[in-house]
Amino acid sequence: MNFSKVEVLRFIIIKIFFISFFFGCKKIIVSKNKLTFSDCKVFIEGELFTGEFETYQSNKYILSKVKKGVLKSEKTFMNEKLLTEKSFNFCNKGYQIIFNPDGKLNSEGYFLENNRIGLWKYYIKDSMYTIQY
């Protein structure tokens, strides 16, 4: 009799674990207009936001990731092709990688408020060029 109780208990615990794992790992992407931005922090309903939000700009789709109210990364797509990847290490400051429409690496470097700073690398045909900003 004790053996069956243990099996039933084990079965229930495993089911609860899988259900919580499934719902806990489910990603929710919210629209940017549901968020509030203040002093480089992202809020949803007055609380710091963690998750992903999306933005549409004409023919571009932007997917941004936020952790504890801080923007961590941003990817821009056009026609389902990746155009840019940005990783943020501070408000409006980070590292950007730009791809050609055919998916090949075009350029990369640091940015501050959408301006290039520092050393940028440009990849043209089989060569790499650098420019200091």
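Trainee: Is Thr 55 buried or exposed?

Mentor: We begin with the terms. Buried means under 20% relative accessible area, exposed over 50%, and partly exposed in between, with a 1.4 Å probe and protein chains only. Thr 55 is buried, because its relative accessible area is 14%. Please note that this is a predicted model, in which local features need pLDDT of at least 70 and side-chain atom pairs count only at pLDDT 80 or more, while totals for chains, interfaces and linings use all residues. Residues are numbered from 1 along each chain as its sequence is written, and side-chain values use heavy atoms, with hydrogens and water left out.

Trainee: In which strand is Thr 55, and which residues does Thr 55 touch?

Mentor: Strands (E, at least two residues) and helices (H or I, at least four) are DSSP runs, numbered from the N terminus. Thr 55 belongs to strand β5, residues 51–57. A contact means heavy atoms within 4.5 Å. Not counting residues up to four places away in sequence, Thr 55 touches Lys 32, Lys 60, Tyr 61 and Ile 62.

Trainee: Where is Tyr 61, and which residues is Tyr 61 in contact with?

Mentor: Tyr 61 is in strand β6. Leaving aside neighbours within four places in sequence, the contacts of Tyr 61 include Glu 54, Thr 55 and Tyr 56, as well as Lys 75, Thr 76 and Phe 77. The C-alpha atoms of Tyr 61 and Thr 76 are 5.8 Å apart, although these residues are 15 apart in sequence.

Trainee: Is Ser 64 buried or exposed?

Mentor: Ser 64, which also lies in strand β6, is buried, with a relative accessible area of 1%. Beyond its neighbours within four places in sequence, Ser 64 is in contact with Gly 51, Glu 52, Phe 53, Leu 71, Ser 73 and Glu 74.

Trainee: How many disulfides are found in the whole structure?

Mentor: A disulfide is a pair of cysteine sulfur atoms within 2.5 Å. The search finds one. Cys 40 and Cys 91 form the disulfide, with their sulfur atoms 1.4 Å apart. The link is left-handed, with -45° about the S-S bond. Cys 40 lies in the loop between β2 (36–38) and β3 (41–44) and Cys 91 in the loop between β8 (81–90) and β9 (93–99), so the pair ties together parts that are 51 residues apart in sequence.

Trainee: What is the relative accessible area of Cys 40, and what is that of Cys 91?

Mentor: For Cys 40 the value is 42%, so Cys 40 is partly exposed. Cys 91 also counts as partly exposed, at 24%.

Trainee: How much space lies in the largest pocket?

Mentor: Rolling a probe the size of a water molecule over the atoms shows where empty space is left. On a 1 Å grid over the protein atoms alone, a pocket is an open set of points where a 1.4 Å probe fits, with protein on both sides within 12 Å along at least five of seven lines; lining residues have an atom within 4 Å of a point. In this model the largest pocket holds about 650 Å³. It is lined by 27 residues, of which Ser 64, Leu 71, Glu 74, Phe 88 and Asn 92 are the closest to its centre.

Trainee: Which strand gives the most to the lining of the largest pocket?

Mentor: β8 gives the most, with six residues. The lining of this pocket divides into twelve nonpolar, nine polar and six charged residues.

Note on methods: Grid points are joined across faces, edges and corners, and a volume is the space filled by probe spheres set on the points. Ala, Val, Leu, Ile, Met, Phe, Trp, Tyr, Cys and Pro count as nonpolar, Asp, Glu, Lys and Arg as charged, and the others, Gly among them, as polar.
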